[in-house]
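You asked for a quick read-through before you open the model yourself. Here are my notes, point by point.

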Amino acid sequence: HRLLDEELPDAEVLVVSNREPYIHNRTDAGITLQTPASGLVAALEPVMRACGGTWIAHGSGSADRETVDAHDRVRVPPADPAYALRRVWLSEAEQDGYYYGFANEGLWPLCHIAFVRPTFREQDWQQYQAVNARFADSIVEEAGRDDPIVLVQDYHFALLPRMIRERLPRATVVTFWHIPWPNAETFGICPWRDEIIDGLLGSTILGFHTRFHCNNFLEATDRFMESRIDREHGSITLRGHETMIRSYPISIEWPPAALAGQAPPAQCRAAVVARYGLPADARIAVGVERFDYTKGILDRVAAIDDLLTRNPDLKGKLVYIQAASPTRSKLGAYSALQDETVRLAGEINARHGGDGWSPIVLSIRHHEPHEVFELFRAADTCIVSSLHDGMNLVAKEFVASRDDEHGVLILSGFAGASRELSEALIVNPYDTRSMAAAIERALCMPAAEQRERMRLMRDQVRQRNVYRWAAQMLLDAARLRKRERIVTAS
Ligand code: G6P
């Protein structure tokens with residue numbers, strides 16, 4: 001907040017993302033509020049609470065419309081309003097083409113190398129373009145000045161930066177791509193690769209989680225576009241407009257809001273043991289994510305199977321609790337994953353379980369942040385085995401939840417978070433045997449070693465928290481704005 005006042009006086013901040021931070025649903029108990037399972041929302045919401053401004057997003061709850069004023073706006077969070085939320089209403093056809101189709105059957109598998117074939121359909125692309133244009137309209141409507149700072153979020157809006165640049169040439173557009181950017185050969189599959197890159201290069205700054213993804217973007221631009229690339233300074237000039245390509249590793253708020261009011265870890269453990277009817281001395285491993293094929297859920301369950309086969313002493317003791325929030329279930333790849341996970345867990349439970357003990361517990365429903373934190377605090381180990389992931393904030397949340405400095409994080413080397421959390425047990429999720437060995441190692445790790453690793457990771461997340469992520473982007477934006485004004489004035 002202070003940074004905005006000092007470095008960006010009179011700035012107007014608009015955030016635009018597909019997913020909204022608060023979903024209002026109509027239920028038997030009246031209107032209830034849901035916090036969506038989204039790394040993007042988890043990261044940006046505290047920033048908006050601190051900075052204020054307007055967040056523009058797709059209205060997705062069954063009672064969203066009932067909460068807004070005549071301009072489709074509502075002040076949030078409801079308990080302590082800090083910023084405005086403006087909803088854009090999409091028709092079913094727009095949703096199908098833009099969100100399910102182009103964004104989630106095209107760009108999502110394209111950018112995550114998870115071996116799900118990307119599907120590109122002409123009609124999805126048309127909806128994607130149309131919906132990007134509709135969000136551009138909302139931004140222009142919401143902007144009170146001709147030079148707002150617009151923070152464009154994620155792969156749903158690759159065309160938006162260019163559209164904003166055309167309509168508000170003085171705007172500072174900071175775009176953040178929350179998912180990986182693949183190498184040029186892979187990205188080249190997309191029939192509209194030139195339009196996507198061109199759209200993104202309407203940004204003033206384009207951010208990725210890691211240097212590696214920035215380099216992939218530079219390489220793709222070099223391969224497909226006629227532009228000037230300055231690798232030393234990390235910038236691309238296309239038709240006279242320069243875009244900075246920067247890495248900003250995203251993070252979480254510190255301390256996380258969901259930690260407030262949590263019971264001590266021993267009580268969290270007792271609550272989880274009682275909830276799932278576990279043996280009192282159970283060794284608890286947990287996994288928390290959206291039910292997404294990029295998260296490596298099947299690979300993790302297979303590792304538990306392998307571990308129990310090789311170390312039968314753990315039978316009756318080790319429990320793996322998977323909190324999986326259904327997501328994008330309308331798409332075949334997602335419903336197939338859910339079915340396959342349920343089938344495989346059943347098979348493993350039948351093979352190794354007995355006497356009222358099942359090694360795999362699936363909790364398939366939405367989980368609110370305070371529940372997730374209770375689970376983290378109850379766990380001996382948390383397993384994040386993404387096949388590919390931009391950052392992965394579950395890993396950082398687990399670390400933040402353990403103020404007792406206990407618990408072991410097992411983390412995929414293919415998640416951006418592994419660059420920062422190197423004291424985790426780093427695994428290759430494709431290698432079942434070594435994943436099983438890592439789980440075993442986690443369960444045997446002496447308390448002193450757990451503490452040492454956890455301390456280092458907690459320091460890292462505390463220092464490189466999400467306020468710092470936002471501050472770095474905004475400071476870069478402020479510098480470029482000042483420079484531009486000097487140039488225009490002279
Ligand atoms: C990832 C994406 C976000 C998205 C989230 C949840 O983290 O980068 O943009 O919000 O998944 O997915 P959903 O489709 O439910 O918004």
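**Notes on the predicted model**

1. Let's start with a pair of helices: helix 10 and helix 11 lie roughly parallel to each other. This is a predicted model, and in it helix 10 (residues 297-310) and helix 11 (residues 332-352) pack at an angle of about 5°, with 10 Å between their axes. On the helix 10 side, the contact uses Ile297, Leu298, Val301, Ile304, Asp305 and Leu308. Helix 11 answers with Glu340, Thr341, Leu344, Ala345, Ile348 and His352. Sorted by class, the contact of helix 10 with helix 11 has eight nonpolar, two polar and two charged residues.

2. How far can you trust the coordinates? The chain averages a pLDDT of 96, and 100% of the residues score at least 70. Confidence in the chain is lowest in helix 1 (residues 2-7), with a mean of 80, and highest in strand 17 (residues 408-412), at 99. The model's ipTM is 0.98 and its pTM is 0.96.

3. Strand 9 (residues 205-208) and strand 12 (residues 241-247) run parallel and are joined by four bridges.

4. The axes of helix 2 (residues 39-51) and helix 16 come within 9 Å and cross at roughly 70°, which makes helix 2 roughly perpendicular to helix 16. Ala43, Pro46, Val47 and Ala50 in helix 2 meet Val466, Tyr467 and Ala470 in helix 16. What classes do these residues fall into? The contact of helix 2 with helix 16 has seven nonpolar, no polar and no charged residues.

5. There is another open sheet to look at, made of six strands in the order 15-14-13-16-17-18, with parallel pairing. Strand 15 (360-364) and strand 18 (425-427) are its edge strands, and each pairs on one side only. The twist from one strand to the next averages 20°. Strand 13 (residues 283-290) and strand 16 (residues 381-384) run parallel and are joined by two bridges, and Ala285 stands opposite Thr381 in strand 16. Helix 12 packs on this sheet, touching strand 13, strand 14 (318-325) and strand 16, and its direction makes about 150° with that of strand 13.

6. Helix 12 turns up again in a helix pair. Helix 9 (residues 265-275) and helix 12 (residues 369-378) pack at an angle of about 105°, with their axes 8 Å apart, and that makes helix 9 roughly perpendicular to helix 12. Pro265, Cys268, Arg269, Ala271 and Val272 of helix 9 make the contact with Glu374, Leu375, Arg377 and Ala378 of helix 12. By class, the residues of the contact of helix 9 with helix 12 divide into six nonpolar, no polar and three charged.

7. Strand 2 (residues 23-27) and strand 3 (residues 30-34) pair in the antiparallel sense over five bridges. Ile23 stands opposite Gln34 in strand 3.

8. Finally, the ligand. Which residues surround the ligand? They are Arg19, Ser38, Gly39, Leu40, Asp154, His178, Ile179, Arg290, Thr327 and Arg328. The shell around the ligand divides into two nonpolar, four polar and four charged residues.

Definitions and conventions:
Residues are numbered from 1 along each chain as its sequence is written. This is a predicted model: local features need pLDDT of at least 70, side-chain atom pairs count only at pLDDT 80 or more; totals for chains, interfaces and linings use all residues. Axes are lines fitted to C-alpha atoms, for helices over the stretch in contact, and angles run from 0 to 180 degrees between N-to-C directions. Angles under 35 degrees count as roughly parallel, over 145 as roughly antiparallel, 65 to 115 as roughly perpendicular and the rest as oblique. Two residues are in contact if their C-beta atoms, placed from the backbone, lie within 7 Å. Ala, Val, Leu, Ile, Met, Phe, Trp, Tyr, Cys and Pro count as nonpolar, Asp, Glu, Lys and Arg as charged, and the others, Gly among them, as polar. A residue is near a molecule or strand if its C-beta atom, placed from the backbone, lies within 6 Å of it. pLDDT is the predictor's confidence in each residue, from 0 to 100. Two strands pair if DSSP finds at least two bridges between them.
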